[in-house]
Amino acid sequence: MSQNHKSIVGITMGDAAGVGPEIILKSLAHQEIYDLCAPFVIGDAKILERAKSYVNCELAVQTITEEELDNPDFQFGTVYCLDLNLVPGDLPVGEVSSIAGHAAFEYLSKAIDLANKKRIDAICTAPLNKEALHKGGHKYPGHTEILAELTNTDEFSMMLSAPNLKVIHVTTHVGILDAVKMINPERVYRVIKLAHDTLKKSGIVTPRIAVCGINPHAGENGLFGYGEEEEKVIPGVRKAQEEGIKVVGPLPADTLFFRTVRGDFDIVVAMYHDQGHGPVKVLGLDAGVNITVGLPIIRTSVDHGTAFDIAGKGIAEEKSMSEALRQAVELAPKRV
């Protein structure tokens, strides 16, 4: 595939004090990534240079201009960086920093701008730190909400992908009591529809979707809870079924994930953060991918945090970043 036909993927560096720079370098040390796409980093070149010493990396770091994205000639052996020059070279590693938090926001904002202008085909994000993000003046729960606001997207959801398991969430970064309040039939229906449409675009003709209950045993006909399944979930499932979507539920979450990994379903609709995240991370913490669905642009991410405790040690695994890059290419519109 020629360079002109490869998807151009912008990799945001995330929090410069975390493992993002390391896992980016480790991923871009694989020839297959350059065979798949034209990758480049949106971040700080000096931080990438510093991270080379952590991972014993011999890759060259080369700064590029935005205009060079119009006809990229990105070769394996070089890490190309759109250098925003936002953090000092001696930024402490593994510590919460308002400077790094603000920079992480700016890297993402630039990536969204490039995607909106069709200069890049997909965004792949390294992890940011929510405390640092807030200290930097950006009061968002995480990447997903920033992406939604900056693309004027009202209807979106987080999808996690691990080997043999995909999970999409009705609610994500809210407390459990707030999550239950936020769940309603229309939101359940819309997330089912997002799951169906996303899997169809990926090539599954008739996606098989299963919906979790909120309570243990999906309420067991009113034995547990206060009728949340009947009030909040079942009407949304029925609406989707009436449109011809192949969906069942609510089903007990304690067995549903096992059944999905076994092959009974293509995706699980989880009601809240930990219900969906727990099983995915048990199956693939180092190979899980976070995909924001419903956006007008493609965004994938690693499914782990900044790992400040091991930042700068060169031991962070790059599998999730490499898989996120592959998924970005798979989902991105194809250049002709």
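**Figure 1. Aspartate 15 sits in the loop between strand E1 (7-12) and helix H1 (20-27).** The model shown here is predicted. Is aspartate 15 buried or exposed? Aspartate 15 is buried, yet it has no salt bridge. The nearest side chain of opposite charge belongs to arginine 50, and it is 8.3 Å away. A salt bridge needs the two charged groups within 4 Å.

**Figure 2. Aspartate 15 and the residues it touches.** Leave aside residues up to four places away in sequence. Which residues does aspartate 15 then touch? Its contacts include Pro21. They also include Ala100, Gly101 and Ala104. Pro127, Leu128, Asn129 and Ala132 are on the list too. Thr306 and Phe308 complete it.

**Figure 3. A cis peptide bond joins glycine 249 and proline 250.** Omega is about 5 degrees at this bond. Where is proline 250 found? Proline 250 belongs to strand E9, which covers residues 247-251. Most peptide bonds are trans.

**Figure 4. Histidine 217 has a positive phi.** The angle is near 55 degrees, and the residue is not a glycine. Most residues other than glycine have a negative phi. Histidine 217 lies in a loop, with strand E8 (209-212) on one side and helix H9 (228-242) on the other.

Figure 5. Alanine 307 is placed in the loop between strand E12 (299-302) and helix H12 (319-331). With a relative accessible area of 25%, alanine 307 is partly exposed.

**Figure 6. The protein chain that holds these sites has twelve helices and twelve strands.** The C-alpha atoms fill a box of roughly 60 × 45 × 35 Å along the principal axes. What radius of gyration does the protein chain have? The value is 20 Å, which agrees with a compact globule of 336 residues, because such a globule would have a radius near 20 Å. Of the 336 residues, 55% count as buried. Take the contacts between residues at least 6 apart in sequence: 75% of them join residues at least 24 apart. The accessible surface comes to about 14,200 Å², and 51% of it belongs to carbon and sulfur atoms. The chain carries 33 positive and 44 negative side chains. The centres of these two sets lie 3 Å apart.

Definitions and conventions. Residues are numbered from 1 along each chain as its sequence is written. This is a predicted model: local features need pLDDT of at least 70, side-chain atom pairs count only at pLDDT 80 or more; totals for chains, interfaces and linings use all residues. Side-chain values use heavy atoms; hydrogens and water are left out. Helices (H or I, at least four residues) and strands (E, at least two) are DSSP runs, numbered from the N terminus. Buried means under 20% relative accessible area, exposed over 50%, partly exposed in between (1.4 Å probe, protein chains only). Lys and Arg count as positive and Asp and Glu as negative; His and the chain ends are not counted. Contact means heavy atoms within 4.5 Å. The radius of gyration is taken over C-alpha atoms; the globule rule is 2.2 Å times the number of residues to the power 0.38. Accessible areas come from the Shrake-Rupley method with a 1.4 Å probe; for residues, only the protein chains shown count as cover. The place of a charge is taken as NZ of Lys, CZ of Arg, CG of Asp or CD of Glu.
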